Amino acid sequence: MAPLPGNPKASSSQPNSRRPSGVSAMSRPDPLSSIIHASASRIGPGAHPTGHPDNLDVLTPEETAKRLAAYAAVDEHVKPQHKVLGIGSGSTVPYVVERLCQEPHCADNFDRWFVPTGFQSKELIVKAGLNLGDVDQFPEIDVTIDGADEVDDELNAIKGGGACHLREKVLAEAATHFIIVADSRKDSKVLGTNWKQGVPIEVAPFAWAKVFQNLQKMGCEKPTLRMGKMKAGPVVTDNGNFVIDAFFSEAYMRDPTELLHRIKMLTGVLEVGIFANMALAAYFGNPDGTVTIRWQDGRRQVKEAPKNLVTK
């Protein structure tokens with residue numbers, strides 16, 4: 001395994017390395033270049049080890065806000081004693097991995113395991129030269145850090161815009177601490193205020209039509225079978241299933257726990273993209289360079305980000 005940045009203990013002779021000889025992490029094809037933005041080039045072997053990455057001016061304000069949230073969450077919640085970390089999905093998560101590959105965190109990565117929620121995060125872990133684990137090996141996780149499509153006042157979240165919510169929920173539930181990172185556009189009072197695509201629901205392919213019909217009977221205004229892009233037919237999840245996006249009115253969304261339970265009881269439903277009462281804290285990067293932190297107990301903090309992380 002290629003040495004971790006800033007970690008002199010790591011070497012290519014590690015017994016847990018599964019990479020074929022002569023193949024480096026950076027030589028792998030990178031199918032994620034369109035979604036991991038400027039951070040991709042700084043993740044993994046050769047990543048900037050000082051915690052002061054360069055070229056921040058290439059990031060848009062939205063990307064800078066995501067980075068601020070990710071860095072703040074990693075610095076607050078990832079401790080040296082944490083040996084199993086869950087790595088979520090979405091556009092903010094690359095900055096989580098980026099921060100983990102910098103000092104002071106990189107020195108502890110030698111004997112850490114990183115469990116992905118899907119293809120994207122698996123590629124990020126492998127590209128970074130980190131130890132790739134699976135929830136089969138580690139059913140108990142110290143900290144899982146993941147993005148969200150929207151978060152309400154009580155830290156309930158909608159997830160599944162990337163069709164990874166079944167695995168995301170398994171890792172969130174397995175974690176002692178589940179932390180959400182996002183930019184401020186994802187922060188709202190009621191779910192469905194900003195996220196208009198509906199509640200993502202992973203369903204068994206043979207049952208999708210029946211689930212679709214039952215959602216309509218429940219009061220779903222606009223259920224939609226999510227269709228693929230650049231392919232014919234529906235989106236197929238990493239688990240081989242379909243996704244229905246179910247739009248519900250505000251009256252339903254004001255009680256996301258009840259809505260979650262009702263949808264989950266439908267035969268053919270495998271998981272629902274409502275994460276109710278699961279997050280310890282949510283970190284939101286703001287356009288002014290601050291990070292808003294909302295805690296499960298109702299506390300709300302605003303922290304200034306280090307000046308070197310704010311786009312000039």
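1. Ser89 and its surroundings. Apart from residues up to four places away in sequence, Ser89 touches Thr117, Gly118, Gln120, Ser121, Asp146, Gly147, Cys164 and Glu168, where contact means heavy atoms within 4.5 Å. This is a predicted model, in which local features need pLDDT of at least 70 and side-chain atom pairs count only at pLDDT 80 or more, while totals for chains, interfaces and linings use all residues. Residues are numbered from 1 along each chain as its sequence is written, and side-chain values use heavy atoms, with hydrogens and water left out.

2. Position of Ser89. The residue Ser89 is found in the loop between β1 (84-87) and α2 (93-100). Helices (H or I, at least four residues) and strands (E, at least two) are DSSP runs, numbered from the N terminus. Is Ser89 buried or exposed? Ser89 is buried, because its relative accessible area is 8%; buried means under 20% relative accessible area, exposed over 50%, and partly exposed in between (1.4 Å probe, protein chains only). The side chains of Ser89 and Thr117 are joined by a polar contact of 2.4 Å. A polar contact is a pair of N or O atoms within 3.5 Å; within protein, one must be able to donate a hydrogen and the other to accept it, and residues adjacent in sequence count only if both atoms are side-chain atoms.

3. The largest nonpolar core. A nonpolar core is a set of buried Ala, Val, Leu, Ile, Met, Phe, Trp, Tyr and Cys residues joined through side-chain atoms within 4.5 Å. The largest one has 31 residues, of which Ile87, Val96, Leu100, Ile145 and Tyr283 touch the most other members. At least two residues of this core come from each of α1 (61-77), β1, α2, α3 (119-127), β3 (141-146), β6 (175-183), β12 (281-285) and β13 (290-295). With six residues, α1 gives the most to this core. In soluble globular proteins, nonpolar side chains tend to be buried together.

4. Leu100 and the second core. Neighbours within four places in sequence aside, Leu100 is in contact with Val74, Val78, Leu85, Ile87, His105, Cys106, Asn109 and Phe114. There is also a second, separate core of 28 residues, which includes Trp195, Leu259, Leu260 and Ile263.

5. Helix α1. Twelve of the 17 residues of α1 are buried, so that the helix is mostly covered. Among the buried residues are Leu68, Tyr71 and Val74. The buried residues of α1 pack against α2, β3, β6, β12 and β13. Its length also agrees with expectation: at 1.5 Å a residue, the 17 residues of α1 should span 24 Å, and the end C-alpha atoms are 24 Å apart. The expected span is 1.5 Å times one less than the number of residues.

6. Strand β3. Why is β3 largely enclosed by the rest of the structure? The reason is that five of its six residues are buried. Two strands pair if DSSP finds at least two bridges between them. Strands β1 and β3 run parallel and are joined by three bridges, with Gly86 opposite Thr144 in β3. Strands β3 and β6 also run parallel, over five bridges, and Thr144 has Phe178 as its bridge partner in β6.

7. A three-stranded sheet. An open sheet has the strand order β4-β5-β11, with antiparallel pairing. Strands β4 (150-151) and β11 (274-275) stand at the edges and have a single partner strand each, so one side of each is left without a neighbour in the sheet. Strand β5 (residues 157-158) pairs with β11 over two bridges, and Ala157 has Phe275 as its bridge partner in β11.

8. Strand β8. The covered face of β8 (residues 222-225) holds Pro223 and Leu225, and the uncovered face holds Lys222 and Thr224. In a regular strand the side chains alternate between the two faces of the sheet. Four bridges connect β8 to the antiparallel strand β9 (residues 242-247), where Phe247 is the bridge partner of Lys222.

9. Aromatic pairs. The whole structure contains four aromatic pairs. Rings of Phe, Tyr and Trp (its six-membered ring) pair if their centres lie within 6.5 Å; planes under 30 degrees apart count as stacked, over 60 as edge-to-face and the rest as tilted. Trp208 and Phe212 form an edge-to-face pair, 5.9 Å centre to centre with 85° between the planes. They are four residues apart in helix α5 (residues 208-218), and therefore separated by about one helical turn. Phe248 and Tyr252 form a tilted pair, 5.3 Å centre to centre with 55° between the planes. Phe248 is buried at 4% relative accessibility, whereas Tyr252 is partly exposed at 26%.
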